[in-house]
Amino acid sequence: MQQNRPAIDAILERYQAWMQAIRDGDLEAILDIYAEDATYMPPGKPAFSGKQALREIWGNYLQREEFSAHYSPTIHISEAGDMAYDIGRYRITMKKDGRSVAFEGKHVVVWKLIAQRWKAVVDMSA
């Protein structure tokens, strides 16, 4: 893996758009982060693959009161410059039964350069 600053910056911009879309409750913008055949593996649940499955899971998340997410990725770019992965920590906050709750954990996201845009192809949280 190499340090390709333009690719890292582009993926970090995608993260900013992703977190802003979560804050805005913008499901379409969240889905735009993912490749068409992406797989999302949330903690303690089965894997969800494809845009329709991602639409359902993210739609449910966005229904939660004051749902917010913050990811802290460390990005690694492939030698060819068309694949990347990041590892890091996340923090999810929301209200449940009128009380603020927070969850923290680890994540891995695999990115692929598709039509000159970085798309998440695998998103796994633990």
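Biologist: Where is Asp 86 found?
Modeller: Asp 86 is in strand 4, which covers residues 83-96. Keep in mind that this is a predicted model.

Biologist: And is Asp 86 buried or exposed?
Modeller: Asp 86 is buried, yet it has no salt bridge. The nearest side chain of opposite charge belongs to Arg 14, and that is 11 Å away.

Biologist: Which side chain does Asp 86 make a polar contact with, then?
Modeller: That would be Trp 111: the two side chains make a polar contact at 2.7 Å. Leaving aside neighbours within four places in sequence, Asp 86 is also in contact with several other residues, including Tyr 15, Pro 73, Ile 75 and His 107.

Biologist: Back to Arg 14. Which residue does its side chain meet in a salt bridge?
Modeller: Asp 32, at 3.5 Å from N to O. The pair links distant parts of the chain, with Arg 14 in helix 1 and Asp 32 in helix 2 (residues 27-33), 18 residues apart.

Biologist: Why does Arg 14 count as buried?
Modeller: Because its relative accessibility is 11%, and buried means under 20%. Asp 32 has 28%, so it counts as partly exposed.

Biologist: Let's look at helix 1 itself. How many residues does it have?
Modeller: Helix 1 has 20 residues, 5-24, and reaches 28 Å from its first C-alpha to its last, close to the 28 Å expected. Its buried residues are Ala 7, Ile 8, Ile 11, Arg 14, Tyr 15, Trp 18, Met 19, Ala 21 and Ile 22.

Biologist: Why are they on the same side of helix 1?
Modeller: Because they cover an arc of only 155° around the axis. In general, an α-helix has 3.6 residues a turn, so residues three or four places apart point the same way. On the other side of helix 1, Pro 6, Glu 13, Gln 16 and Asp 24 are exposed.

Biologist: What goes on at the start of helix 1, and just after it?
Modeller: At the start, a side-chain oxygen of Asn 4 comes to within 3.1 Å of the backbone nitrogen of Ala 7. Just after the helix, Gly 25 has a positive phi of about 70°.

Biologist: One more topic: how many salt bridges are there?
Modeller: The count comes to eight. One of them joins Glu 28 and Arg 55, with the closest N and O atoms 2.5 Å apart. Glu 28 lies in helix 2 and Arg 55 in helix 3 (residues 51-62), so the pair ties together parts 27 residues apart in sequence.

How values were computed
Residues numbered from 1 in each chain as written. Predicted model: local features only at pLDDT ≥ 70, side-chain atom pairs only at ≥ 80, totals over all residues. Heavy atoms only, no water. Helix = DSSP H or I, 4+ residues; strand = E, 2+ residues; numbered from the N terminus. Expected span 1.5 Å × (residues − 1). Buried < 20%, exposed > 50% of the residue type's maximum accessible area, 1.4 Å probe, protein only. Arc of directions from axis to C-beta. Polar contact = N/O pair within 3.5 Å; in protein donor to acceptor, adjacent residues only side chain to side chain. Lys, Arg positive; Asp, Glu negative; His and termini not counted. Salt bridge = Lys/Arg side-chain N within 4 Å of Asp/Glu carboxyl O. Contact = heavy atoms within 4.5 Å.
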